[in-house]
Amino acid sequence: MEDKRNIQIIEWEHLDKKKFYVFGVAMTMMIRVSVYPFTLIRTRLQVQKGKSLYHGTFDAFIKILRADGITGLYRGFLVNTFTLISGQCYVTTYELTRKFVADYSQSNTVKSLVAGGSASLVAQSITVPIDVVSQHLMMQRKGEKMGRFQVRGNLEGQGIVAFGQTKDIIKQILRADGLRGFYRGYVASLLTYIPNSAVWWPFYHFYAAISGPLAAATASILTNPMDVIRTRVQVEGKNSIILTFRQLMAEEGPWGLMKGLSARIISATPSTIVIVVGYESLKKLSLRPELVDSRHW
């Protein structure tokens, strides 16, 4: 694959690790700030019953903006930034696994497939507890209750400081479910993100920026049903993936599995463009000095 494109892929051993992590955190934060509102909208659309609150992505965007302003689109963002840790663990696992698999196979597709799945497994083990808390914060709104928990003062529209809300949600999760509550939906998360990651990386190296967004949109469509189930399990406190699936099908039919899809594609596609271009730029910027003139992309 590399020979056909006459491109040498920058591997883990070629990088200045300090630069890689510093630039990586900055790039990841930029992506998160730009797409977070659509992550919040996707979550609310997936949890709502039918179209009881929002009729689609644009309708949700306008209503949230009118009710809560810009800050309403960033509920839970501060907590969600802790996933920067899992993000760095993800790329580290991805690169190290590629290096390990290279001892057994020189196929870039095999290396990308195994590394992508492994990286997602490690990252989700860190991300799920953060996700659970941030999703409950995303559900906070004036008026009708959306999730299982509601922070103090929310019904009257009198919010409390961000970390006060986070502390309040954590206490409620602990009271209701104990420590297990922070890993609610873990299996559903793995079933959503491992296949997505394992498939995305081989396409990433093969198609690069041209078809990366298309691959991201395709992956979003294929994994959205499990993403809807994952979100409902985590936000509504369900204990069974199968029962959640059956309830969703009974209430909303097959189209219920596509809830929040447009918001998911909107958040995934731009970030994919940044990742496709930015990740290689990041690796280029992080090259060890003696390799700068010998590696190209």
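**View 1. Arg232, a buried residue with two salt-bridge partners**. At 2% relative accessibility, Arg232 counts as buried. Buried means under 20% relative accessible area, exposed means over 50%, and partly exposed lies in between (1.4 Å probe, protein chains only). This is a predicted model: local features need pLDDT of at least 70, side-chain atom pairs count only at pLDDT 80 or more, and totals for chains, interfaces and linings use all residues. Residues are numbered from 1 along each chain as its sequence is written, and side-chain values use heavy atoms, with hydrogens and water left out. Arg232 and Glu252 form a salt bridge, 3.0 Å from N to O. A salt bridge is a side-chain nitrogen of Lys or Arg within 4 Å of a carboxyl oxygen of Asp or Glu. Glu252 lies in helix α9 and Arg232 in helix α8, so the pair ties together parts 20 residues apart in sequence. Helices (H or I, at least four residues) and strands (E, at least two) are DSSP runs, numbered from the N terminus. Glu252 is partly exposed, at 22%. Arg232 also bridges to Glu251, with the closest N and O atoms 3.8 Å apart.

**View 2. Lys49 meets Glu251**. Their side chains form a salt bridge of 3.9 Å, N to O. Lys49 sits in the loop between α2 (17-47) and α3 (57-68) and Glu251 in helix α9 (residues 241-252), so the pair ties together parts 202 residues apart in sequence. Both are partly exposed: Lys49 has a relative accessible area of 39%, and Glu251 has 42%.

**View 3. Asn80 and its contacts**. Asn80 lies in helix α4 (residues 77-80). Is Asn80 buried or exposed? Asn80 counts as buried, at 8% relative accessibility. Leaving aside neighbours within four places in sequence, Asn80 is in contact (heavy atoms within 4.5 Å) with Arg32, Tyr36, Ile130, Asp131 and Ser134.

**View 4. A nonpolar surface patch**. Val110, Leu113 and Val114 form the patch, with about 210 Å² of accessible area together. Accessible areas come from the Shrake-Rupley method with a 1.4 Å probe; for residues, only the protein chains shown count as cover. Patch residues have over 30% relative accessible area and no salt bridge; like charges are joined within 9 Å, nonpolar side chains (Val, Leu, Ile, Met, Phe, Trp, Tyr) within 5 Å. Leu113 is found in helix α6 (residues 108-138). Leu113 is partly exposed, at 42%.
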